[in-house]
Amino acid sequence: MPDLRRYEGEKVDILFDAKRCIHAGKCVGGLRSVFNPDGRPWINADEASADEIAEVIHKCPTEALSYERKDGGPAEVAQAEVSLAVDKNGPIFVRGTIDLRDHAGEPIQVGPRAALCRCGASKNKPFCDKHAMFLNSGEEFTAPKRIVIGKNDTPYIHIRQGVTDWKRGKVFVP
């Protein structure tokens, strides 16, 4: 991944994938001493404990932020059940383990958190790049607020030209 940047700290390294960031602000609002958009570099992994950093990174809805611990602390583990939360005029936020495949059936790497595009305008499909914010179509995307799928099921999400459906099964992006 060419856009993956590593910010090294004594007890934890923070990884940032700019292509997946939708500027939700959970990092800056959660721990500004570590995630400071005015600072250079904007991430300083030694400004808080590894536990505090992990707690804030778990709130990032897109997995643009992840971490590697050096202090022997636990790595992030996907939650047992899969949940899908739909943001009005925004992405589908996924938490948990999903099997995401491209149009050819090849796996797409997804961690325990993702924001999937549902407007069709993202330049980083199947992931949201918040491009819908800049669309002038006036069309609203509405859906249920949250769907929880049991820990033994995997969601099926079909994204095509701005239309999204989900069922049980595999995730497929044509």
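## A tour from Arg 69

Start by selecting Arg 69, which is buried at 17% relative accessibility. Buried here means under 20% relative accessible area, exposed means over 50%, and partly exposed is in between (1.4 Å probe, protein chains only). The model is predicted: local features need pLDDT of at least 70 and side-chain atom pairs count only at pLDDT 80 or more, while totals for chains, interfaces and linings use all residues. Residues are numbered from 1 along each chain as its sequence is written, and side-chain values use heavy atoms, with hydrogens and water left out.

**Asp 51.** A salt bridge is a side-chain nitrogen of Lys or Arg within 4 Å of a carboxyl oxygen of Asp or Glu. Asp 51 belongs to helix H2 and Arg 69 to strand E3, so the bridge ties together parts 18 residues apart in sequence. Helices (H or I, at least four residues) and strands (E, at least two) are DSSP runs numbered from the N terminus.

**The sheet.** Now show the strands E1, E2 and E3, which form an open antiparallel sheet in that order. Two strands pair if DSSP finds at least two bridges between them. Strands E1 (4-7) and E3 (65-69) are at the edges with a single partner strand each, so one side of each has no neighbour in the sheet. On average, neighbouring strands are turned by 25 degrees against each other, direction ignored. E1 pairs with E2 (residues 12-17) over four bridges. To find one partner, select Tyr 7 and look in E2 for Ile 14.

**Helix H2.** Select residues 50-57: this is H2, lying across E2 and E3 and running at about 150 degrees to E3. Such angles run from 0 to 180 degrees between N-to-C directions, with axes fitted to C-alpha atoms, for helices over the stretch in contact. Contact means heavy atoms within 4.5 Å.

**The cores.** Which residues have the most contacts inside the largest nonpolar core? Select Ile 14, Phe 16, Val 34, Phe 35, Ile 43, Ile 53 and Leu 65; the core has 22 residues. A nonpolar core is a set of buried Ala, Val, Leu, Ile, Met, Phe, Trp, Tyr and Cys residues joined through side-chain atoms within 4.5 Å. E2, H2 and E3 each give two or more residues to this core, and H2 gives the largest share, five residues. Centre on Phe 35: leaving out residues up to four places away in sequence, it touches Ile 14, Cys 27, Val 28, Trp 42, Ile 43, Val 56, Ile 57 and Leu 65. A second, separate core has eleven residues, including Ile 92, Val 94, Ile 98 and Val 110.

**Other charged pairs.** The count of salt bridges comes to nine. Select Lys 70 and Asp 13, whose closest N and O atoms are 2.8 Å apart in a salt bridge. Lys 70 is in the loop between E3 and strand E4 (82-86) and Asp 13 is in E2, 57 residues apart. Is each end buried or partly exposed? Lys 70 is partly exposed at 42% relative accessible area, whereas Asp 13 is buried at 6%.

Finish at Arg 20 and Glu 63, whose side chains meet in a salt bridge (3.7 Å, N to O). Arg 20 is buried at 8% relative accessibility, and Glu 63 is buried at 16%.
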